[in-house]
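Please read it alongside the sequence and the model.

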Amino acid sequence: MPVDAVLGLQWGDEGKGKIVDFLANQYQAVCRFQGGPNAGHTLYLEGEKCVLHTLPSGIFRSNVLNLIGNGVVIDPITLVGEMERVRHHAPDLNERLFVSERAHLILPTHRWIDMASEQARGQEKIGSTLRGIGPCYMDKTGRNGLRAGELRMPSLRASYQALKEKHLQFLKQFPKIDFDLDAEERRWFEAVDHLMSLRFVNSPYWMASLLDKGANLLAEGAQGTMLDVDQGTYPYVTSSNTIAAGISTGLGIAPSSLRRIVGIAKAYCTRVGAGPFPSELEDETGERLRKAGNEFGSTTGRPRRCGWMDLVQLRYACLINGVTDLCITKIDVLNGFDEVGLADAYIDAEGNGTQEMPMDPATLRGVSVTKLPGWNWTPSKVGGLEQLPDAMRHFIEMLCKGAGVPISMLSFGPEREHLLTDL
Ligand code: IMP
């Protein structure tokens with residue numbers, strides 16, 4: 001049976017968590033395939049805000065299994081904290097959570113390296129969440145990493161010690177920063193003790209046996225397409241493959257298992273951290289979007305940069321992910337604007353219009369923006385797109401036309417019921 005996917009099409013924070021939570025009931029398992037505690041998937045359950053960092057967003061559905069795939073990097077401290085925070089909404093969490101033995105572990109020294117190397121970059125900072133993500137993936141690809149399957153091996157302490165020593169050597173090149181390694185190490189090993197109660201699985205076989213039994217699985221992406229290490233705005237990206245291709249490597253399934261790819265895009269763009277952002281609005285309109293959309297990072301609390309929906313970027317994301325249908329989120333945030341913008345072409349360094357995402361969007365001279373009439377609409381129970389204001393529908397039509405992909409869902413508020421589906 002097939003694997004479907006939910007992916008972010010922009011720079012992360014598109015509202016994937018809510019959509020995965022909604023779709024989860026149609027699947028036997030939700031499987032996270034990359035990223036780590038840099039992610040912040042926000043869901044509202046009976047008015048209470050729940051932010052998931054490492055746990056898959058199917059965790060609140062009592063009939064759904066959840067897998068932390070091999071492509072994910074796990075910080076035991078964050079994972080244990082998160083499990084305790086959400087347990088009252090998911091009391092049977094331990095029975096439904098599975099962890100790939102091949103997932104890599106974030107050590108306290110990975111966080112230390114992240115902080116020290118970001119500080120050393122000065123003006124060139126990536127704007128990392130400082131969760132140790134980049135250094136952990138560096139150890140993975142450098143073939144030095146520690147994997148979740150090793151947590152149960154007698155060699156754990158020795159492997160930990162050896163990797164820590166390497167890190168301490170490496171850290172000598174950076175100016176000292178404040179980091180209490182002894183305390184962090186104690187917390188790490190305490191958390192590791194807690195994790196022993198989880199089920200560690202040989203995930204490619206775990207996935208295959210579910211698929212053989214006819215299960216439908218949902219792959220959950222973190223961050224967004226433009227933060228992909230290969231296809232994003234490098235070097236201002238995260239260290240994993242956030243795009244659809246990452247599903248196969250991050251879960252251990254054949255690419256041919258993929259069926260539906262739901263691309264999630266906000267009705268405007270945001271970016272947290274440094275790096276090119278062609279449609280950014282560094283003016284009152286950007287500020288207004290930030291306030292209306294409450295655009296502050298769910299992991300770090302940092303204000304997000306805001307800008308108009310970027311159709312060149314969206315089409316690029318649909319192309320490289322093979323998006324089958326779109327879910328547009330936070331359309332309610334555009335309420336009350338006299339005009340809403342759609343960036344529909346880039347202007348290259350020579351002043352020519354282009355529809356291509358360049359290797360480095362920082363080289364662009366600008367973007368061309370089409371302004372469409374805005375709307376005033378009080379979000380209420382709606383049965384279909386035809387009940388929405390004409391101007392809003394026109395905006396959505398132009399957006400889908402620009403993306404070249406049809407819309408299947410529209411989210412207009414944070415709660416589970418603020419969602420139009422089967423469009
Ligand atoms: P890192 O993955 O923490 O090293 O961060 C690298 C870049 O990706 C920074 O610009 C972060 O702000 C951004 N980033 C990482 N995770 C997320 C996310 O879940 N949402 C939005 N941006 C993210």
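A pocket is here an open set of grid points with protein on both sides within 12 Å along at least five of seven lines, and its volume is the space filled by probe spheres set on those points. The model is predicted. In it, the second largest pocket has a volume of about 210 Å³. The protein is divided into three parts: domain 1 (3–102 + 200–261), domain 2 (104–195) and domain 3 (266–421).

**The second largest pocket**

- The lining of this pocket is made up of 16 residues.
- Nearest the centre of the pocket lie G232, Y234, P358, M359 and D360.
- By residue class, the lining of the second largest pocket comprises 11 nonpolar, 3 polar and 2 charged residues.
- Domain 1 (3–102 + 200–261) and domain 3 (266–421) each supply at least three residues to the lining of the second largest pocket.

**Domain 2 and domain 3: placement and contact**

- A distance of 36 Å separates the C-alpha centres of domain 2 and domain 3.
- Their contact involves 6 residues from domain 2 and 5 residues from domain 3.
- The size of an interface is often expressed as the accessible area lost when the parts come together.
- Between domain 2 and domain 3, the buried area is about 360 Å², with carbon and sulfur atoms giving 45% of it.
- On the side of domain 2, the residues that lose the most area to domain 3 are G127, T129 and R131, which together account for 71% of what that side buries.

- The side of domain 2 that touches domain 3 consists of 1 nonpolar, 3 polar and 2 charged residues.

Note on methods: Residues are numbered from 1 along each chain as its sequence is written. This is a predicted model: local features need pLDDT of at least 70, side-chain atom pairs count only at pLDDT 80 or more; totals for chains, interfaces and linings use all residues. Side-chain values use heavy atoms; hydrogens and water are left out. On a 1 Å grid over the protein atoms alone, a cavity is a set of points where a 1.4 Å probe fits but cannot get out, and a pocket is an open set with protein on both sides within 12 Å along at least five of seven lines; lining residues have an atom within 4 Å of a point. Ala, Val, Leu, Ile, Met, Phe, Trp, Tyr, Cys and Pro count as nonpolar, Asp, Glu, Lys and Arg as charged, and the others, Gly among them, as polar. Domain bounds come from an automatic or database domain assignment. Contact means heavy atoms within 4.5 Å. Buried area is the accessible area (1.4 Å probe) that two parts lose on being put together, summed over both.
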